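Trainee: Could we go through how the parts of this chain meet? I would like to take the contacts step by step.

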Amino acid sequence: MGEENKVILHGMWASPSSKRVELALKLKGIPFEFVEEDLLNKSPQLLQFNPVYKKIPVLVHNGKPISESLVILEYIDETWKNNPCLLPKDPYKRAKVRFWTSYVQEQLFETMFKVVKTDGEAQEKAITEVFEKLQVLEEGMKEFF
Ligand SMILES: N[C@@H](CCC(=O)N[C@@H](CS)C(=O)NCC(=O)O)C(=O)O
């Protein structure tokens, strides 16, 4: 990999936000270095690259950091134009994809975090909620196939 196209992903193995960026890089066949962050002891580079949220994932392309997983995904798609494209060309279909990515972010991830943060009855309720939200997502995905 030439220095002119160096890609580093600061992420964490169990983070869904980090995973979606990792998947996009792999789908596009983009070689990258993965820096596993300890979220209880964040690296100085992470704090420097994402001073606003101090969160992973952060993609560093040729020394330039980009934060927020959905912003990163669009950056990847616009920078590496090879197939597969992450977003369709048609504006209406793009809007549909953005709707569902936002649903995953706002609804599914939030409920998944509740499962980790709770226990007992509250956790059981959160698990049921995750399954319900996954069903809604599965239904929604049918229009793409
Ligand atoms: N909206 C952000 C969410 C990122 C996020 O919540 N990252 C979590 C891991 S999944 C994190 O870094 N947590 C550490 C902290 O909050 O201090 C994105 O999509 O990138």
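Trainee: Which side chains meet in a salt bridge, at 2.9 Å from N to O?
Mentor: This is a predicted model. The cut-off for a salt bridge is 4 Å between a Lys or Arg side-chain nitrogen and a carboxyl oxygen of Asp or Glu. At 2.9 Å, N to O, the pair that meets it is Glu-74 and Arg-98.

Trainee: How many salt bridges are counted between domain 1 and domain 2?
Mentor: Across this interface, two residue pairs are found in polar contact. For salt bridges between domain 1 and domain 2, the count is one.

Trainee: Which helices each supply at least two residues of the side of domain 1 that touches domain 2?
Mentor: By class, that side of domain 1 has two nonpolar, two polar and two charged residues. The helices that each supply at least two of its residues are H1 (16–28) and H3 (69–79).

Trainee: Which three residues supply 66% of the area that domain 1 buries against domain 2?
Mentor: No other three residues of domain 1 supply more of that area. The three are Pro-16, Arg-20 and Leu-70.

Terms used. Residues are numbered from 1 along each chain as its sequence is written. This is a predicted model: local features need pLDDT of at least 70, side-chain atom pairs count only at pLDDT 80 or more; totals for chains, interfaces and linings use all residues. Side-chain values use heavy atoms; hydrogens and water are left out. Buried area is the accessible area (1.4 Å probe) that two parts lose on being put together, summed over both. A polar contact is a pair of N or O atoms within 3.5 Å; within protein, one must be able to donate a hydrogen and the other to accept it, and residues adjacent in sequence count only if both atoms are side-chain atoms. Helices (H or I, at least four residues) and strands (E, at least two) are DSSP runs, numbered from the N terminus. Ala, Val, Leu, Ile, Met, Phe, Trp, Tyr, Cys and Pro count as nonpolar, Asp, Glu, Lys and Arg as charged, and the others, Gly among them, as polar.
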